[in-house]
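Please consider the following numbered remarks alongside the sequence and the model.

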Amino acid sequence: MELSWNGILLLITIVTATVTFFVSLINVVFNSTLKEINNEVKETPKVSVLIPMRNEEKNIPKLLNSLIEQSYNNIEILILDDNSTDNSYEVASNYSHKIKNLRVLKGSELPNGWLGKNWACHQLSQHASGELLAFVDADVILAPKAIEILVNFFYKYKLDALSVFPTQIMNTFGEKLVVPLMNWILLSFLPLILVRKSHYKSLTAANGQVLMFKKEIYHKIGGHTIVSNHPVEDMELAKLVKLNGFRIATFLGGGLIKCNMYNGFSESIQGYSKNFFKGFNINWLVFILFMSIVSLSNIIPFLLILYDLFFIIPIFLILLNRILVSYLSKQNIFVNLLLHLPQFIVFLFLAFFSVYKTKFRKNVWKGRPV
């Protein structure tokens, strides 16, 4: 029996909505969110908190103030100023009298074959003395027990590396249109428990905002040297952990680790587009096709519901998925439901824009080409 055009659309949207709903449901059932745990492990290894910093004079005080309050005492804090053009170095250096275990370093000039953040992280690793290396972006904010909980999770699950997707702080309407999409695609297509349980590198997710390694493992896999010119270095390092037979896990911040990643709509678009396409590591035509199906499957049912009432099925699954992902991400459920359609219009635009900027080498971040 031939399917009509709306029958084909209905089938595609139901399949897509079913997959994303069940993946998000799995993520709720096997909740991979940071929380305080009763852990019998008593290890208190030295943690090197390594912070690459470029033009972060507004953000770095928030991170440093949160580090002052940490319950975990065996830490050193290293900040590397990556040739900032603002007062980042001076602002960070002013904390030296407040934090006795803080060192603020001046970064070397960017050499050929390196991207800025990767070069900064590599330099930081050369100065670190801790058993655990925790790379933390300058726009992250840590709850007082965050480092302690990271260490506890590290040893509870016998890990060699871990990463965290922080709870995102969104202050403007433009950010609310863009920022929720990162956690949506993560939690709708990847059961996070499989990052820890599976050895397949394809089942990997990592976020460079918070990335922790055993120091010896970091150097065994080649560290940032081996991803010197890769714009999605966090994912590549995570895959290398698995490829070398080591254990990695990915967690959600759960409000214990937060990040104010971008400011406003334009910065959010520019920030996501620089690595959205590259992060999937697939042919650009396949990427565009996949993202078109995903985004249109989240738009079309709402447009055709009056034409065919059976579209209520994917709509129901879509809304359930948005509720589950928003709950896990500690995002405003009502806002994400209200903005669902404009968010996915932006999502489709981002897919095309990211491919365009990558293919034509238009990606620039903080004054440098990416």
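This is a predicted model: local features need pLDDT of at least 70, side-chain atom pairs count only at pLDDT 80 or more; totals for chains, interfaces and linings use all residues.

1. Strand 1 (residues 47–53) and strand 4 (residues 132–136) pair in the parallel sense over 4 bridges. Here strands are DSSP runs of E with at least two residues, helices are runs of H or I with at least four, and both are numbered from the N terminus; two strands pair if DSSP finds at least two bridges between them.

2. Residues are numbered from 1 along each chain as its sequence is written, and side-chain values use heavy atoms, without hydrogens and water.

3. An open sheet of 7 strands has the order 3-2-1-4-8-6-9, with mixed pairing. Its edges are strand 3 (102–106) and strand 9 (248–252), each of which pairs on one side only.

4. Helix 7 (residues 180–189) packs with helix 14 (residues 312–329) at about 110°, their axes being 10 Å apart. Axes are lines fitted to C-alpha atoms, for helices over the stretch in contact, and angles run from 0 to 180 degrees between N-to-C directions. Helix 7 is therefore roughly perpendicular to helix 14 (65 to 115 degrees).

5. I315 lies in helix 14. Is this residue, I315, buried or exposed? I315 is buried, at a relative accessible area of 9% (buried means under 20%, exposed over 50%, partly exposed in between, with a 1.4 Å probe and protein chains only). I315 touches P301, F302 and I305, leaving aside residues up to four places away in sequence (contact means heavy atoms within 4.5 Å).

Definitions and conventions:
Angles under 35 degrees count as roughly parallel, over 145 as roughly antiparallel, 65 to 115 as roughly perpendicular and the rest as oblique.
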